[in-house]
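Please look over the structure below before reading on.

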Amino acid sequence: MASATILVVEDERITAEDIRAGLEFAGYKVPVICSTGEDAVHQAGRIEPDLVLMDIKLEGEMDGIEAAAQIRKLYDIPVIYLTAYSDEKTVERAKLTEPSGFLVKGQGMLSKPFDENELHAAIEITLYRHQMEKEHDQISSAMLLKTSEAVIATNSTGQIRFINTLAEKITGWTKDDALGKDLEEVFLPLAEINDESSLEDVLTSEGTPEITSRDGSRFAIQGTVTPIKDYKHKINGMVVSFQVQNDGEQYLKNSIN
């Protein structure tokens, strides 16, 4: 992992260069330092780093938490916060972006604002865990691709992280277009859902709710919703699996063939 590429986002230039020097001495690549949230999002898409080291208070209108949320949503790149701000409100906002770490910088004048050993350990653990998650996702995706049902999986905030071939056919959305989109933009029988019913209620009801494909085709569907839980039983997303009913099955078979 020592050759990993890290994007440093820090608006205090001296601190930023100090971080870069320490990381490069340890063998990491630090091609860019950003001082604004807007530039951080842009550079994350351009250089595709393995990890982002993010300060929270930045120049410009977008702070580090907003930038981290965009980077996680658009590129699924892990983020570690390295910041002097650790008040309750800031920490609660940061938690919503599902960071891989939150390190607090010191404010003393006689020592470094961060512990290099602690920072490097957090980076290595994050890179290892992210690699294991990607391998797990690849295995899960390969299994889901073989299923006879359409499958869409989301993260904890409802953005699509996986869609199989059959779901692409039914919704009319390709994987490239659907990934990162909100579930309700790609798939949701909105007319059937209200304040008293959930997506799961609709898909498992005795009726046959309809979904409108991107090209205007309509399909009667039924299915299930399964929560994705971590080792603490916290829900980190969900898997929606569904099948078309009646004439839609033959239509899909003809379109696939």
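Predicted model: local features only at pLDDT ≥ 70, side-chain atom pairs only at ≥ 80, totals over all residues.

Student: How many residues of strand β4 are buried?

Tutor: Strands (E, at least two residues) and helices (H or I, at least four) are DSSP runs numbered from the N terminus, and β4 covers residues 79-83. Buried means under 20% relative accessible area, exposed over 50%, and partly exposed in between, with a 1.4 Å probe and protein chains only. Val79, Tyr81 and Thr83 point one way from β4 and Ile80 and Leu82 the other way, and all are buried.

Student: Which residue in β5 stands opposite Leu82?

Tutor: Two strands pair if DSSP finds at least two bridges between them. β4 and β5 (residues 101-104) run parallel and are joined by 4 bridges. Together with helix α4 (residues 88-95) they make a right-handed β-α-β unit, where right-handed means that, with the strands pointing away from the viewer, the path from the first strand over the helix to the second runs clockwise. The residue opposite Leu82 is Leu103.

Student: Which residue of β4 does Val52 stand opposite?

Tutor: Strand β3 (residues 51-54) pairs with β4 in the parallel sense over 3 bridges. β3, helix α3 (residues 64-75) and β4 also make a right-handed β-α-β unit. The residue opposite Val52 is Val79.

Student: Which side chain makes a polar contact with the side chain of Thr83?

Tutor: Thr83 is in strand β4 and counts as buried because its relative accessibility is 0%. A polar contact is a pair of N or O atoms within 3.5 Å; within protein, one must be able to donate a hydrogen and the other to accept it, and residues adjacent in sequence count only if both atoms are side-chain atoms. A polar atom of the Thr83 side chain lies 3.1 Å from the backbone nitrogen of Tyr85. The side chain asked for, at 3.4 Å, is that of Asp55.

Student: Is Asp76 buried or partly exposed?

Tutor: Asp76 is found in the loop between α3 and β4. Its phi is near 55°, a positive value in a residue other than glycine. Because its relative accessibility is 41%, Asp76 counts as partly exposed.

Student: Where does Glu98 lie?

Tutor: Glu98 is not a glycine, although its phi is positive at about 55°. At 30% relative accessibility, Glu98 counts as partly exposed. Its place is the loop between α4 and β5.

Student: What is the order of the strands in the open sheet?

Tutor: The sheet has 5 strands with antiparallel pairing. Its edge strands are β7 and β8 (210-212), each pairing on one side only. Within the sheet, β6 and β10 pair over 5 bridges. The order is β7-β6-β10-β9-β8.

Student: How many residues are in the largest nonpolar core?

Tutor: A nonpolar core is a set of buried Ala, Val, Leu, Ile, Met, Phe, Trp, Tyr and Cys residues joined through side-chain atoms within 4.5 Å. Those with the most contacts inside the largest core include Ile152, Phe187 and Phe242. The number of residues in this core is 21.

Technical notes: Residues numbered from 1 in each chain as written. Heavy atoms only, no water.
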